[in-house]
Amino acid sequence: MLDALLGWGSGAGMLVALWMIFMVAPTEAQMGNVQRIFYVHVPCAWAAFLGFFAVAGASAVFLWNGSRRADRLAQAWAEVGVLFCTLVLITGPIWARPIWGVWWTWDPRLTMTVILWAIYAGYLLLRAFGGPDEAVARWAAVLGIVGVLDVPVIHYAVRLLQGIHPAVITTREGGSGLVDPDMRHTLYVASIAMLLFAFWLVRLRVRLAEVEDGVVAARHALEASEGAAA
Amino acid sequence: MAAPVVVARGLRREYAGVPVLVAVDLEVAAGDCVVLLGSNGAGKTTLLRVLATLLRPSGGALQLFGHDAARRPAAVRAQLGWVGHETGCYPDLTGRENLRFHARLHAVDDARIAECLAWSGLDGAADRPLRTYSRGMAQRLALARALLPRPGLLLLDEPFTGLDADASARLVGLLATVRAEGTAIVMSTHDPARVDELSPRTATLARGRLREGRA
Amino acid sequence: MIGSALAILAKDLRIETRTREGLTSIVVLGVLLVLVFSVAHDPTPSEAPRLAPAVIWVTFTFTGLLAIQRSFVVEREQDCLAALLVGPLDPAALYVGKLLGNVILLAAMQAMVLPLTALLLHVELAGALPGLIVVLLLGNLGFAALATLFGAVAVRVRAREVLLPVLLLPLLVPVLVGGVKATAAVLAGEGLAGATQAIGMLGAFDVIFTTAGVLLFEQVVRD
């Protein structure tokens, strides 16, 4: 029921957002139409950051009470989070190239996103290649928590770094730099749509994990009854 | 009548999604000697590690010395002795240094170290690195290490592997004294004949369940 | 708790001095890395001091990763970890003991590699040394705090040589940034006062992750 709501909701949200991005938001004065990527780029970034905290939260719950549900949620958010983080890192350069003439700058926010992506990737690699040991879930949870604790320090470090290498250009501060109300509304709608989409993907992934666990449990029950009969 | 040393009911444990222990029940009293039999991969090591609180069971209840092992593991661990496949000692340190290290962790005094060294017949080799010990001597050091804190329960995982008849007999003799002092022993082995002298209870692990006697 | 941690530290130091294979190999690696950097860039005496902080920290990072992995391999060899866990030992004490051992090992390695670095990169160490020692100590503690925690994980995984850097490097960015900035300031003659933000950040990192390590180590080391 919830899944259907999320599915249709995000679908509708995306359509509305697309319409607004192209029909409602005005063309930006300096950057032209390329700037419209912004309405995808920023919501993806928010989803990626949300995912990071969600992984940490689910990980903490898992370590606290061993809840398999929390573990599945952590894994799902990590996969969805890395997806959105990748999208940020793709839309960013696509936007940057026509505007600034470079594919990449070491501006604090972009640097932060790369590091976040690397931490996500580490989490997923650990889960994928950590071996059959069921303790892997706990190790990954520790990584999830440590990652989120590191976020503020990395943020500080990355800004400190900028002191040595001056930025190529100065970026706008988040979405608050938007003056035009149409632009702001477009951003909000796009963000809501993207977040709904993220939640939907997470739900799908969690359902998949539940089914996998169900298959394993059924197999156990079968073997147990065989053993008892023998 | 003191509480039984081990009361296990319905222990369950999986590895890589495959159930290794399905529903294991076991009761061990002070001074008991239980030998676990079973084919390779039957789960003897897993069961021993669960009893040692090295692994958490995914189901069932385990009581050690009257305490719930899941809820009060610290109270329980101080009274356990573990001898796994390997010695649990550092090859580059001498026998005495190894024992001294574990003694410090268990708050055991030097007199006890000397006592254990003498009792296990390692006095002469105490100041040589473990690396230079024969398999039999290394096993005796592992046993001495496990017995330093005078545990109420001694768990051994295939302790006779790699030992010749003499070394085996020596080890069995030591285990007999340990048992006589009231320590409960649970061990796994492929060769039950070696421990006949201890007239132990035998139990066989098969398909995740424990049955008394040899299957 | 402190007693157990010190017992573990003493045990590790005794093993290390007995074999000396750990320190030797990481010192050799450190020296080779510095040589490779020098050859690759071939800096002139005027530009070298700007290169030095980065070279120092990258070298120490990679050798540090190797050093810390070894500290847990010791416990795997004869299943010593099991013997430690079946006992009254608090895993937090094991963490602190290992952490201190790793910090000392890193410091020993740096003590040998740093003079060579100064020589090859034409860096004046004399006045900067006290400040440098403080920076290295703060960096070592932060590095070891995380590396000890995840070293215990990596040692149980097959691709451990690759996994540990993959997990740690992004997390250690603040240590690298803070270390490089503070080292640059100290070598430029500004002393620690020239990098208060970096030092503050390193200190905060150390506090946060040593605490996290103490609290989370049990999750990583017990099954």
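Guide: Contact here means heavy atoms within 4.5 Å. This is a predicted model, where local features need pLDDT of at least 70, side-chain atom pairs count only at pLDDT 80 or more, and totals for chains, interfaces and linings use all residues. Residues are numbered from 1 along each chain as its sequence is written, chains are lettered from A in the order written, and side-chain values use heavy atoms, without hydrogens and water.

Visitor: How many residues does the contact take from chain A and chain C?

Guide: It takes 28 residues from chain A and 28 residues from chain C.

Visitor: What area do chain A and chain C bury?

Guide: About 2,500 Å² between them, with 78% of it on carbon and sulfur atoms. Buried area is the accessible area (1.4 Å probe) that two parts lose on being put together, summed over both.

Visitor: And how many salt bridges between chain A and chain C?

Guide: The count is 0. A salt bridge needs a side-chain nitrogen of Lys or Arg within 4 Å of a carboxyl oxygen of Asp or Glu.

Visitor: New topic. How many disulfides over all chains?

Guide: The structure holds 0. The cut-off is a pair of cysteine sulfur atoms within 2.5 Å. For C44(A), the nearest cysteine sulfur is that of C85(A), 9.8 Å away.

Visitor: Is C80(C) buried or exposed?

Guide: Buried, at 0% relative accessibility. Buried means under 20% relative accessible area, exposed over 50%, partly exposed in between (1.4 Å probe, protein chains only). C44(A) is also buried, at 1%.
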